[in-house]
Amino acid sequence: MHSIPPDLHPPKQGLTRIPYLCLGCVMLALAVVGAILPLMPTTIFLILASWFFARSSPRLEAWLLWHPRFGATLRAWNATGAIPLPAKAMACAGMAIGFVFFWLEAHPALWLGLAVATLLLGSAWYVVSRPEPAKTPLHANKDNCSCS
């Protein structure tokens, strides 16, 4: 089992813990749906699920943070707000495709189209402005070393 650094936000107690746990489960369910549906995001829901679980269930938070597929991305986000380059490209492409579908299918008024475009451009700028995760050298993690 991996060691997990002490949590800066200890889990809530009693009745305040239950809403956080429920919201974490909802975010996790939305992330699963996002992994299946092409235009629905996954990562933001995983980040939110991790945040809610950090305040309600350290066991579920640890499960997410050390998940083989999503754990590294969540740990990088928690540590430095980093987003990998392929994720940035997919997020920006998804926003662009979503806007094209919105424009062609909804035929919005010009003011609404410009408002949505501005919101998406601001979101894309935020995503692109995030740092990329630090590259961990192979020798930095003894578990990855095949030498003895």
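Reader: Which elements does the chain have, and in what order do they run from the N terminus on?

Author: The predicted chain has six helices and zero strands. The order is α-α-α-α-α-α.

Reader: How many Å should helix α2 span, and how far apart are its end C-alpha atoms?

Author: Helix α2 covers residues 43-54. The expected span is 1.5 Å times one less than the number of residues, so the 12 residues of α2 should span 16 Å. The end C-alpha atoms agree with this, as they are 16 Å apart.

Reader: Is Ser50 buried or exposed?

Author: Ser50 has its place in helix α2. Buried means under 20% relative accessible area. Because the relative accessibility of Ser50 is 4%, this residue counts as buried.

Reader: With which residues is Ser50 in contact, leaving aside its neighbours within four places in sequence?

Author: A contact requires heavy atoms within 4.5 Å. Once the neighbours within four places in sequence are left aside, the residues in contact with Ser50 are Glu61, Leu64, Leu65 and Asn78.

Reader: Against which helices do the buried residues of α2 pack?

Author: The buried residues of α2 are Phe45, Leu46, Ile47, Ala49, Ser50, Phe52, Phe53 and Ala54. The helices against which they pack are α1 (17-36), α3 (58-65) and α4 (71-80).

Reader: How many disulfides does a search of the whole structure find?

Author: A disulfide is a covalent bond between the sulfur atoms of two cysteines. For Cys25, the closest cysteine sulfur is in Cys22, at 6.6 Å, which is too far for a bond. A search of the whole structure finds a total of zero.

Reader: Are Cys25 and Cys92 buried, partly exposed or exposed?

Author: Partly exposed residues fall between the limits of 20% for buried and 50% for exposed. Cys25 has a relative accessibility of 39%, and the relative accessible area of Cys92 is 24%. Both values lie in that range, so Cys25 and Cys92 count as partly exposed.

Reader: Which residues form one aromatic cluster?

Author: The structure holds five aromatic pairs. Phe52, a buried residue of α2, belongs to an aromatic cluster. The residues of this cluster are Tyr20, Trp51 and Phe52.

Reader: What percentage of the accessible surface of the chain belongs to carbon and sulfur atoms?

Author: Buried residues make up 24% of the 148 residues in the chain. The accessible surface of the chain comes to about 10,400 Å². The part that belongs to carbon and sulfur atoms is 71%.

Notes
Residues are numbered from 1 along each chain as its sequence is written. This is a predicted model: local features need pLDDT of at least 70, side-chain atom pairs count only at pLDDT 80 or more; totals for chains, interfaces and linings use all residues. Side-chain values use heavy atoms; hydrogens and water are left out. Helices (H or I, at least four residues) and strands (E, at least two) are DSSP runs, numbered from the N terminus. Buried means under 20% relative accessible area, exposed over 50%, partly exposed in between (1.4 Å probe, protein chains only). A disulfide is a pair of cysteine sulfur atoms within 2.5 Å. Accessible areas come from the Shrake-Rupley method with a 1.4 Å probe; for residues, only the protein chains shown count as cover. Rings of Phe, Tyr and Trp (its six-membered ring) pair if their centres lie within 6.5 Å; planes under 30 degrees apart count as stacked, over 60 as edge-to-face and the rest as tilted.
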